[in-house]
Amino acid sequence: KNLINTDYLAAYMGNSNIDEKYSILGLKYNPFPRSGTANINDNDSYNRRMLPIDSEVTKKIMTFTANALLANQDHPEDKFQSCVILGDYGSGKTQLLMYIKSELREIANNPNYTAKPYVIYIDNPGVSLLEFIGNIISRIGEENLRKYLWNNIISTICNNDGYKTTLNKYLTGMQSFSFEGTISYDPYAPENLLSYKQFLTAFVNQINTPNKRKNFDKDFQEVLLSILYSLTNDSVVSYYFYEFISSDYGVNKTWEALLNGKEAKVIKFIVQLVKEQGYTDFFILVDEFEDITEGRLSKIQLDNYIYNLRTLLDEHREWGLFFSMNPEAYKRLRRVSPPLADRIATESVVLSAINIETSKRLIENYISIADGDKINPFSEDGIERLGEITEGNARRFLILCFRLVEFAAKEFKSKDERIDTKFINSHVNQDGILL
């Protein structure tokens with residue numbers, strides 16, 4: 001019979017008890033990422049413990065963020081600051097962005113700070129600025145953005161007699177009765193002001209002929225478009241947001257053609273809507289920005305993307321930006337568009353290969369999460385050996401840390417044992433391949 005050897009499995013898992021399995025290492029669990037990559041869905045309390053391991057990187061990030069949050073006395077609306085994070089694949093760029101995101105959210109939730117930044121992380125810039133917009137909307141949350149937009153619209157309707165006169169002619173004052181009591185179809189009742197659909201339904205329930213419904217739909221659309229035009233000052237952009245709030249939203253080729261050259265106005269309005277919720281600043285953290293220079297885009301797509309992004313950064317300066325990319329991609333960007341490269345790098349942070357000191361800090365970050373003690377169960381010579389094998393690549397380093405902790409949890413007989421050079425050499429060859 002081809003059955004799993006449960007005795008071996010129980011021995012390897014520590015009788016399926018995680019506390020028991022890792023207790024000999026002084027850990028609650030194995031805190032190292034098994035893939036060596038940052039989990040972009042980890043919570044902020046976790047990411048705040050992933051302190052930058054290079055003190056110079058910490059200093060630059062903190063200085064840049066503090067400056068970006070300062071009010072611009074001469075031009076209060078100009079909040080533009082942009083930082084590019086440069087590092088080879090596996091150097092820790094994504095984890096650094098996760099740390100920055102957690103710190104900005106901590107500031108936003110701290111009543112001792114006057115700044116209240118809103119921050120979103122985008123793991124892919126897309127192949128067009130419209131895709132970039134779609135990613136922004138997705139991170140804010142479509143329902144959240146609809147709510148922000150609707151609050152703006154309904155406030156305008158309620159305070160404009162002309163709009164109310166246009167719509168109120170369809171009201172009959174009808175009520176319905178049920179075992180739960182009387183239900184009012186007053187669209188201005190608090191419960192009906194909560195969403196576009198509820199407000200619309202309160203009207204529709206009082207319209208009893210197809211012709212009257214057709215006229216109402218036309219008038220209601222004109223009211224919404226009029227309000228949106230007053231907010232965006234652009235007929236195409238106002239219709240985009242009308243479609244967004246009134247129907248299923250999607251990025252498609254029709255919108256890509258219509259909005260070509262107007263993406264900046266769309267993003268500007270999105271930022272405005274978010275800031276109206278009480279936020280003082282808007283930060284976008286863009287990962288994998290090298291994708292736009294690595295052949296995914298045709299020359300026309302690349303030219304359009306770069307031109308539109310340059311326009312966006314020149315015309316609308318209400319936000320702070322972080323871009324991450326590898327150094328070679330940044331060099332290519334400088335060749336393709338020196339002006340854009342300059343704009344996204346008002347500050348630059350370089351992530352170097354880890355050395356003995358930074359690798360110790362990296363291990364301490366993870367060990368602390370599992371309530372361990374400093375670098376234990378690793379020894380200093382073991383950490384140095386790992387650095388040699390992985391050639392300073394943080395991702396490969398963390399993958400091996402995870403696997404070595406698993407081996408040690410199974411094989412150690414005493415809490416005094418360490419993951420040292422001898423132990424590592426017995427499980428990993430010089431090329432970093434597990435034996």
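This is a predicted model: local features need pLDDT of at least 70, side-chain atom pairs count only at pLDDT 80 or more; totals for chains, interfaces and linings use all residues.

Guide: The average pLDDT of the protein is 83, and 89% of the residues score at least 70.

Visitor: Over which residues does pLDDT stay under 50?

Guide: That is the stretch 249-255. For these residues the model has 15 contacts beyond four places in sequence.

Visitor: What volume does the largest pocket have?

Guide: About 660 Å³. Its lining counts 38 residues, and the closest to the pocket centre are Ser91, Gly92, Lys93, Gln95 and Leu351.

Visitor: Which element supplies the largest share of that lining?

Guide: Helix 5 does, with 5 residues. At least two lining residues each come from helix 5 (93-108), strand 7 (347-351), helix 17 (356-369) and helix 19 (394-411).

Visitor: How many residues of the lining are nonpolar, polar or charged?

Guide: The lining has 19 nonpolar residues, 11 polar ones and 8 charged ones.

Visitor: How do I read burial? Is cysteine 83 buried or exposed?

Guide: A residue counts as buried when its relative accessible area is under 20%. Cysteine 83 has a value of 0%, so it is buried. Cysteine 158 has 28% and is therefore partly exposed.

Visitor: How many disulfides does a search of the whole structure find?

Guide: The search finds 0 disulfides.

Visitor: Where does proline 125 lie?

Guide: Proline 125 is in the loop that runs between strand 2 (117-122) and helix 6 (129-140). Its relative accessibility is 0%, so proline 125 counts as buried.

Visitor: Which residues does proline 125 touch, not counting those up to four places away in sequence?

Guide: Its contacts are Phe132, Asn135, Val286, Asp287, Glu288, Phe289, Asp291, Ile292 and Tyr305. For one of them, valine 286, the separation along the chain is 161 residues, while its C-alpha atom is 6.6 Å from that of proline 125.

Visitor: A helix can hold a buried residue too, I suppose. What is the case of arginine 385?

Guide: Arginine 385 is found in helix 18. At 14% relative accessibility it falls under the 20% cut-off, which is why arginine 385 counts as buried. Leaving aside neighbours within four places in sequence, arginine 385 is in contact with Thr421, Ile424, Asn425 and Gln430.

Visitor: Now the backbone. Which residues does the cis peptide bond join?

Guide: The bond joins asparagine 376 and proline 377, with omega at about 15°. Proline 377 sits in the loop between helix 17 and helix 18 (380-390).

Visitor: What is the phi of lysine 374?

Guide: Its phi is positive, about 50°, although lysine 374 is not a glycine. Lysine 374 also lies in the loop between helix 17 and helix 18. Exposed means over 50% relative accessible area; lysine 374 has 62%, so it is exposed.

Visitor: And where is asparagine 233 placed?

Guide: Asparagine 233 is in the loop between helix 10 (210-232) and helix 11 (235-246). Its phi is near 60°, again a positive value in a residue other than glycine. At 55% relative accessibility, asparagine 233 counts as exposed.

Notes: Residues are numbered from 1 along each chain as its sequence is written. Side-chain values use heavy atoms; hydrogens and water are left out. On a 1 Å grid over the protein atoms alone, a cavity is a set of points where a 1.4 Å probe fits but cannot get out, and a pocket is an open set with protein on both sides within 12 Å along at least five of seven lines; lining residues have an atom within 4 Å of a point. Grid points are joined across faces, edges and corners, and a volume is the space filled by probe spheres set on the points. Helices (H or I, at least four residues) and strands (E, at least two) are DSSP runs, numbered from the N terminus. Ala, Val, Leu, Ile, Met, Phe, Trp, Tyr, Cys and Pro count as nonpolar, Asp, Glu, Lys and Arg as charged, and the others, Gly among them, as polar. pLDDT is the predictor's confidence in each residue, from 0 to 100. Contact means heavy atoms within 4.5 Å. A disulfide is a pair of cysteine sulfur atoms within 2.5 Å. Buried means under 20% relative accessible area, exposed over 50%, partly exposed in between (1.4 Å probe, protein chains only).
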